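Subject: Structure handover

Hi,

Here is the structure you asked for, with the sequence alongside.

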Amino acid sequence: MIQDDFTFVQRWTRFALCVAIGAVVWFIPVPQDVKPQAWRLFAVFVTVIASFLLRPFPMGPMVLFGLVFATAGKVITIKEALVGFSDDTVWLVVAAFLFAGAVVRTGLGYRIALTLVVKLGKSILGLGYAICSAEFILGPIIPSNTARGGGVLAPIVRSLAEALDSFPDHQPERAGRYLVSVGGHANLIAAAMFMTGMAANPLVAAAAADVFGIEFTWNHWALGAIVPGIISFAGLPLLMYFLMRPSITDVEAARLAAKDQLDKMGSWTLREIGMTAIFALMIFFWMSKSLHGMGTSLVAWLGVALLLLTWIEKWDDIVSNKSAWDALIWLGGLLTMANLLRDY
């Protein structure tokens with residue numbers, strides 16, 4: 001109870017600090033040539049951004065609070081408050097989270113990562129390259145670096161380290177420190193390499209279109225990032241090896257552990273085969289926009305529709321994906337405020 005009271009007090013203290021920061025901006029004399037409405041919205045925006053740092057509540061509720069306050073305070077209208085939720089970039093991110101959930105639930109991502117470990121993991125460097133290869137393949141399939149890194153690869157990396165008798169509090173230098181470092185950095189390389197590698201990338205593409213008039217398609221992004229991405233993946237295991245040289249030389253135990261997990265999964269299921277086929281179709285459509293004219297967001301939702309039509313995903317799975325709908329709230333709200341600030 002004492003801990004709960006402390007958490008309650010801490011949360012509201014941080015919330016009050018965010019409000020105080022916004023209030024300071026709100027009551028500062030409006031700069032010359034700036035409309036009062038724009039300055040008030042900027043104060044709300046500053047409050048929301050401060051909340052991302054202090055974390056009194058998750059991002060979704062804080063963005064929602066900001067929109068409600070701005071609308072109730074007649075800074076913006078209710079129609080303006082909802083503009084960001086109609087942006088195709090927001091719905092691309094939602095579709096990406098839905099697709100990522102399907103890849104995790106079907107076990108496809110887990111199978112791909114384990115297969116690479118079995119094939120490449122004959123040395124400690126081989127395990128590093130297996131992790132990088134898994135990130136490279138899963139980068140466009142699981143368009144959330146959190147889901148990809150935390151939901152698929154982190155458990156595999158941990159099991160590999162434990163199979164080599166390496167734990168956070170017991171002999172991390174044997175292999176665990178090296179494998180975790182490779183996995184963490186490989187996740188970020190994959191996130192930057194593909195437009196669907198992480199949730200923030202479509203926002204970068206949208207900003208490039210709004211500010212500079214440059215349209216980034218999935219194909220353009222991949223074409224520009226493929227060379228530096230592959231070079232980074234090729235050099236990462238070697239760099240980490242010299243920075244955090246593992247003390248172990250024989251990693252056969254880890255490879256056998258991965259093979260055992262792969263054997264337990266059995267042969268490919270129809271859902272996994274279907275996921276692979278749908279992903280290949282999406283990649284084809286993303287790369288051939290000039291032939292059919294379908295944008296990145298539409299192709300992503302085509303993939304979601306095919307998941308439902310083929311029963312790879314059930315509607316209950318779609319509506320229970322909290323990450324997708326949370327992203328809709330905070331991302332749509334942020335785009336609303338950002339676009340209105342730009343217009344004002």
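Let's start with Pro202, which sits in helix α10 (residues 201-212); helices here are DSSP runs of H or I with at least four residues, strands are E runs of at least two, and both are numbered from the N terminus. Pro202 is buried at 5% relative accessible area, where buried means under 20%, exposed over 50% and partly exposed in between (1.4 Å probe, protein chains only). Leaving aside residues up to four places away in sequence, Pro202 touches Thr89, Leu92, Val93 and Met195, a contact being heavy atoms within 4.5 Å.

Before going on, some ground rules. This is a predicted model, so local features need pLDDT of at least 70 and side-chain atom pairs count only at pLDDT 80 or more, while totals for chains, interfaces and linings use all residues. Residues are numbered from 1 along each chain as its sequence is written, and side-chain values use heavy atoms, with hydrogens and water left out.

Now the whole chain. The protein has 17 helices and zero strands, and its C-alpha atoms fill a box of roughly 70 × 55 × 40 Å along the principal axes. Of its 344 residues, 45% count as buried. Taking contacts between residues at least 6 apart in sequence, 75% join residues at least 24 apart.

A pocket is an open set of points on a 1 Å grid over the protein atoms alone, where a 1.4 Å probe fits, with protein on both sides within 12 Å along at least five of seven lines; lining residues have an atom within 4 Å of a point. This pocket has 20 lining residues, and Phe97, Ser144, Thr146, Ala147 and Ser323 lie nearest its centre. The elements giving two or more residues to the lining are α5 (88-106), α8 (145-163) and α17 (322-343).

Most residues other than glycine have a negative phi. Lys74, however, has a positive phi near 60 degrees; this residue is in the loop between α3 (59-72) and α4 (78-81) and is exposed at 73%. Trp311 has a positive phi near 65 degrees, lies in the loop between α15 (296-309) and α16 (315-319), and is exposed at 64%.

Cheers
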